[in-house]
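Here are some exercises to work through with the structure open beside you. Try each one yourself before you read its solution.

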Amino acid sequence: MQGKEPNTLLQDFIEKCQVHNLKVTPQRVAIYRELFDSTEHPTVDAMFQVVKKKFPNISYDTVSRTMLTFAEIGMVDLVEVYGGAKRFDPNVSNHHHLHCVSCGKIFDFHSDHYNNLEIPDDVRRAFTVLTSRVVLKGICEKCSNPGKISP
Ligand SMILES: [Zn+2]
Ligand SMILES: [Zn+2]
């Protein structure tokens, strides 16, 4: 959802809240904003650290519950992580992931080719495929050049 006007983002949020009978609170707006600003597929913990700066009284529990609610109603996606903390993805459109096994960061990438992956016949017979995502595991640029100082 990058590149969206901040007001459009807020309007989207308010509309989604109305559809799902969710109260619009300043905390929820802040969590939603930070989540959509983030490109790192943050954990609850990472989001808590950010939101806490604006709302010193907010509890970890509130942030956690809010993010899970967002995921439940499809506002954000959960990234498939095997073990470890849940990671949240504000980008619910079709995209793919680069997962660095060294630092654990997850980066988005887009590929028309991967969007149209052919599903093997035997899979298609046994399983109704709704969506597909390609996850490439490897080492990110920063981790493969630890000496390189990024600008
Ligand atoms: Zn890395
Ligand atoms: Zn993603």
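**Exercise 1. Classify Val135 as buried or exposed, then place Val135 in the fold.**

Step 1: Val135 has 11 other C-beta atoms within 10 Å, so Val135 is exposed. The cut-offs are these: 20 or more other C-beta atoms within 10 Å of a residue's own make it buried, 12 or fewer exposed, and counts in between partly exposed, with C-beta atoms placed from the backbone.

Step 2: Val135 belongs to strand S5 (residues 135–138). Helices (H or I, at least four residues) and strands (E, at least two) are DSSP runs, numbered from the N terminus.

Step 3: Leaving out residues up to four places away in sequence, Val135 touches His97 and His99. A contact here requires the C-beta atoms of two residues, placed from the backbone, to lie within 7 Å.

Step 4: Glu80 is 55 residues from Val135 along the chain, and their C-alpha atoms are separated by 9.6 Å.

A note on the model before going on: it is predicted, so local features need pLDDT of at least 70 and side-chain atom pairs count only at pLDDT 80 or more, while totals for chains, interfaces and linings use all residues. Residues are numbered from 1 along each chain as its sequence is written, and chains are lettered from A and ligands numbered from 1 in the order in which they are written.

**Exercise 2. Describe the overall layout of the protein chain.**

Step 1: Count the elements: the protein chain has 7 helices and 5 strands. Read from the N terminus, their order is α-α-α-α-β-β-β-β-α-α-β-α.

Step 2: Look at the extent. Along the principal axes, the C-alpha atoms fill a box of roughly 50 × 45 × 30 Å.

Step 3: Find the domains. Domain 1 covers 6–88 and domain 2 covers 94–144, with bounds that come from an automatic or database domain assignment. Their C-alpha centres lie 24 Å apart.

Step 4: Check burial and contacts. Of the 151 residues, 11% count as buried. Among contacts between residues at least 6 apart in sequence, 51% join residues at least 24 apart.

**Exercise 3. Work out how H2 and H4 pack, and which residues meet.**

Step 1: Helix H2 (residues 26–37) and helix H4 (residues 60–72) have axes 10 Å apart, at an angle of about 65 degrees. Axes are lines fitted to C-alpha atoms, for helices over the stretch in contact, and angles run from 0 to 180 degrees between N-to-C directions.

Step 2: This angle makes H2 roughly perpendicular to H4. Angles under 35 degrees count as roughly parallel, over 145 as roughly antiparallel, 65 to 115 as roughly perpendicular and the rest as oblique.

Step 3: The crossing of H2 past H4 is right-handed. A crossing is right-handed if the near helix is turned clockwise from the far one by less than a right angle, and left-handed if anticlockwise.

Step 4: From H2, Gln27, Arg28 and Ile31 meet Thr62, Val63, Thr66 and Met67 of H4. By class, these are 3 nonpolar, 3 polar and 1 charged. Ala, Val, Leu, Ile, Met, Phe, Trp, Tyr, Cys and Pro count as nonpolar, Asp, Glu, Lys and Arg as charged, and the others, Gly among them, as polar.

**Exercise 4. Is Pro42 buried or exposed?**

Step 1: Pro42 sits in the loop between H2 and H3.

Step 2: Pro42 is buried, because 24 other C-beta atoms lie within 10 Å.

Step 3: Beyond residues up to four places away in sequence, Pro42 touches Met47, Arg87 and Phe88.

**Exercise 5. Which residues does Leu98 touch?**

Step 1: Leu98 lies in strand S3 (residues 96–100). With 16 other C-beta atoms within 10 Å, Leu98 is partly exposed.

Step 2: Not counting residues up to four places away in sequence, Leu98 touches Phe107, Phe109, Leu136 and Gly138.

Step 3: Lys137 is 39 residues from Leu98 in sequence and 5.9 Å away in space, C-alpha to C-alpha.
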